[in-house]
Amino acid sequence: MNAPTSPISPYTGARHVTQKLLVTVVVGGAVYLLTNVVGADEEGPWQLVLSVLCGGIVLIVQFLVSFVNQMHAVKDSVDKRFADIGKATKLFNEVEKLRDDGVPRLAENATKVVSGGPEILHEFAHEEINRLAGVMEDLTSLSAESSGENHDWLMTLTKCTRHSIDAISTTVVDDGFWSTEPAGRYLTAQREAILDPARRIRVRRLFIVKRPEEFAALVPICTEQRDMGIDVRVVALEELPPYFRRGKMIDFIVFDGALSYEIHADQLSVNSSTTINARANEVDPLIRRFNLLWEAADPAHSPNGVPGQVRARTNGTTPDPD
């Protein structure tokens with residue numbers, strides 16, 4: 001925020017007037033001495049009159065220059081104020097479009113926070129506003145990224161979903177996640193979305209493991225989620241043909257077939273970043289990949305929906321693994 005401009009103090013104004021008077025006296029005295037030297041043989045008060053006239057002219061010129069400078073300063077200030085008013089009017093018009101959202105409430109409460117309380121609270125409020133502004137700015141390009149795994153985004157997207165949630169979960173990223181508190185809130189939010197009469201969304205989750213021996217560890221997780229109304233399948237990479245395994249195996253969720261939530265792990269299998277993306281040319285390949293692997297893990301080939309042997313199918317036929 002720009003600091004307000006300090007008004008000119010009475011002391012400063014008096015000092016400027018004194019300087020102008022001193023300049024006037026010096027100029028008048030110099031003119032008087034010069035006229036005495038040039039016209040030493042002439043008598044009359046013209047030397048004094050000329051020196052006073054010149055001093056008066058200098059004084060008037062100084063005041064005119066000061067007045068012009070002040071007028072320029074006033075003009076700049078008025079132009080700045082009008083520019084600020086124009087920006088405020090434009091911002092108000094934009095906020096009016098979002099009056100049913102939380103933007104007016106955010107602005108109102110932000111001004112209350114920064115007007116009271118300790119300095120650390122003010123700094124925290126400013127940082128949160130800047131963070132939110134950064135996310136909104138990123139979303140203008142239909143994508144945003146966050147460090148680590150952003151559970152807040154996950155909960156908000158689940159709340160906003162109106163049709164479907166399709167998720168791929170790998171053991172690399174989800175190892176230990178389903179026993180945590182954020183996972184409990186996430187599953188509860190999904191169950192509420194499934195049971196909500198106004199939404200009735202469809203949730204499909206595909207677990208990907210490396211080997212069939214890992215199926216047993218997923219049985220309790222799959223059972224719990226199926227009891228919540230989530231359609232769950234499991235597939236082992238070792239049992240898939242090579243062309244099914246090509247490409248990156250990353251954790252992602254597609255909401256309403258339009259926006260993806262992607263979790264990226266580093267070399268140490270630590271969730272390093274989260275990206276949300278609404279670019280159709282990048283979301284559509286994820287949808288196709290999910291559908292391909294989902295069909296490959298058809299529960300018809302597995303007792304109780306947990307595959308004992310997974311077969312990849314194409315158009316109702318079973319392709320040769322080789």
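Helices α5 and α7 are roughly parallel to each other, because the angle between them is under 35 degrees. That angle is about 10 degrees, and the two axes lie 9 Å apart. Helix α5 contributes His151, Leu154, Met155 and Thr158 to the contact. Helix α7 contributes Pro182, Arg185, Tyr186, Ala189 and Gln190. By class, five of these residues are nonpolar, three are polar and one is charged.

This is a predicted model. The chain has 322 residues, and 31% of them are buried. It holds 10 helices and seven strands. Take the contacts between residues at least 6 apart in sequence: 67% of them join residues at least 24 apart. The chain exposes about 20700 Å², with carbon and sulfur atoms supplying 60% of that area.

Now the interior. In soluble globular proteins, nonpolar side chains tend to be buried together. The largest nonpolar core here has 31 residues. Within this core, Ile253 and Tyr261 touch the most other members. The largest share, five residues, comes from α7.

Another core, of 17 residues, lies apart from the largest one. Its members include Val235, Trp294, Ala296 and Ala297.

Notes:
Residues are numbered from 1 along each chain as its sequence is written. This is a predicted model: local features need pLDDT of at least 70, side-chain atom pairs count only at pLDDT 80 or more; totals for chains, interfaces and linings use all residues. Side-chain values use heavy atoms; hydrogens and water are left out. Axes are lines fitted to C-alpha atoms, for helices over the stretch in contact, and angles run from 0 to 180 degrees between N-to-C directions. Helices (H or I, at least four residues) and strands (E, at least two) are DSSP runs, numbered from the N terminus. Angles under 35 degrees count as roughly parallel, over 145 as roughly antiparallel, 65 to 115 as roughly perpendicular and the rest as oblique. Contact means heavy atoms within 4.5 Å. Ala, Val, Leu, Ile, Met, Phe, Trp, Tyr, Cys and Pro count as nonpolar, Asp, Glu, Lys and Arg as charged, and the others, Gly among them, as polar. A nonpolar core is a set of buried Ala, Val, Leu, Ile, Met, Phe, Trp, Tyr and Cys residues joined through side-chain atoms within 4.5 Å. Buried means under 20% relative accessible area, exposed over 50%, partly exposed in between (1.4 Å probe, protein chains only). Accessible areas come from the Shrake-Rupley method with a 1.4 Å probe; for residues, only the protein chains shown count as cover.
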